[in-house]
Amino acid sequence: MKRNKDRIIRTILGLTLMVCGLFYLKTSACASDQLTGTFQTTTRELTAYDSADTSAGQTQIGAGEMVLVEGQENGWFHIMYQGSDLYVPESDSDALGGLADEAAAQELEKRSQTDKAWIESYVAQMKAARSARIWRIAIICIIVVAVVAIVVTSIRHNSSDKGESAKE
């Protein structure tokens, strides 16, 4: 009888720890990529590729379109256009010019700084929320373990009292 109670108690404790572990894993946050680069307008129509390979899927970008040039690698410009990561060969670098309007460039820079501040604030809030969630789960787990320990102690105490009274 005592062995069955011990098994039940161990099972409850194990399940409690497993549930706490699953809650902890659920709260893990994903890191987000930050975009960096320069905004440029296209001076003529050009072809961009899905990967740094001319046999990859193609996207046509019209003249006067704005793209974010994120960098240059292995003879290709890595750009962001309408939410897609694309690649433009260096041979088409003449199609990527600066912004035509200085006022537009300043406005985009101001917006970029505002967006960066907003994103940093959002990330800080998400970290604080994650931390609060982790602490909440840890406190709940501690309370559950304490309650289970109290119940186990009470059961053992009652069973030992019954055993003593049965002997008398």
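**Entry 1: the loop between β4 and β5**

I began at asparagine 74, which sits in the loop between β4 and β5. I was working with a predicted model, so I kept to local features with pLDDT of at least 70. Is asparagine 74 buried or exposed? I found it exposed, because its relative accessibility is 77% and the cut-off for exposed is over 50%. Next I looked at the backbone: asparagine 74 is not a glycine, yet its phi is positive, about 50°. I also checked a distance from this loop residue. The C-alpha atoms of asparagine 74 and alanine 52 are 8.4 Å from each other, with the two residues 22 apart along the chain.

**Entry 2: the nonpolar core**

Then I turned to the inside. Which residues make up the largest nonpolar core? I noted 12 of them: Leu46, Ala48, Ile61, Val67, Val69, Phe77, Ile79, Tyr81, Leu86, Val88, Ala95 and Leu96. Two or more residues each come from β2 (46-49), β4 (66-73), β5 (76-81) and β6 (84-89). β5 is the biggest giver, with 3 residues. I wrote a reminder for myself here: in soluble globular proteins, nonpolar side chains tend to be buried together.

**Entry 3: tyrosine 81**

Beyond its neighbours within four places in sequence, I found tyrosine 81 in contact with Thr59, Ile61, Glu65, Met66, Val67 and Leu86.

Which side chains make polar contacts with the side chain of tyrosine 81? One is that of glutamate 65, at 3.3 Å. Another is that of glutamine 82, also listed at 3.3 Å.

I went back to strand β2, where threonine 47 has its place. I marked threonine 47 as buried because its relative accessibility is 18%, and buried means under 20%. Its side chain makes a polar contact of 3.0 Å with the side chain of glutamine 60. With neighbours within four places in sequence left out, threonine 47 touches Gln58, Thr59, Gln60, Pro89 and Asp92.

Aspartate 92 lies in the loop between β6 and β7 (96-97). Is aspartate 92 buried or exposed? It counts as buried, because its relative accessibility is 17%. Neighbours within four places aside, its contacts are Arg44 and Thr47.

**Entry 4: a patch on the surface**

Which residues make the nonpolar surface patch of about 570 Å²? My list reads Trp135, Ile139, Ile143, Val147, Val151 and Ile155. I took isoleucine 155 from it for a check. Isoleucine 155 is in helix α2 (residues 102-167). I noted it as partly exposed, because its relative accessible area is 31%, which falls between the 20% and 50% cut-offs.

How values were computed
Residues are numbered from 1 along each chain as its sequence is written. This is a predicted model: local features need pLDDT of at least 70, side-chain atom pairs count only at pLDDT 80 or more; totals for chains, interfaces and linings use all residues. Side-chain values use heavy atoms; hydrogens and water are left out. A nonpolar core is a set of buried Ala, Val, Leu, Ile, Met, Phe, Trp, Tyr and Cys residues joined through side-chain atoms within 4.5 Å. Buried means under 20% relative accessible area, exposed over 50%, partly exposed in between (1.4 Å probe, protein chains only). Helices (H or I, at least four residues) and strands (E, at least two) are DSSP runs, numbered from the N terminus. A polar contact is a pair of N or O atoms within 3.5 Å; within protein, one must be able to donate a hydrogen and the other to accept it, and residues adjacent in sequence count only if both atoms are side-chain atoms. Contact means heavy atoms within 4.5 Å. Patches are made of residues with over 30% relative accessible area and no salt bridge: like charges are joined within 9 Å, nonpolar side chains (Val, Leu, Ile, Met, Phe, Trp, Tyr) within 5 Å. Accessible areas come from the Shrake-Rupley method with a 1.4 Å probe; for residues, only the protein chains shown count as cover. A salt bridge is a side-chain nitrogen of Lys or Arg within 4 Å of a carboxyl oxygen of Asp or Glu.
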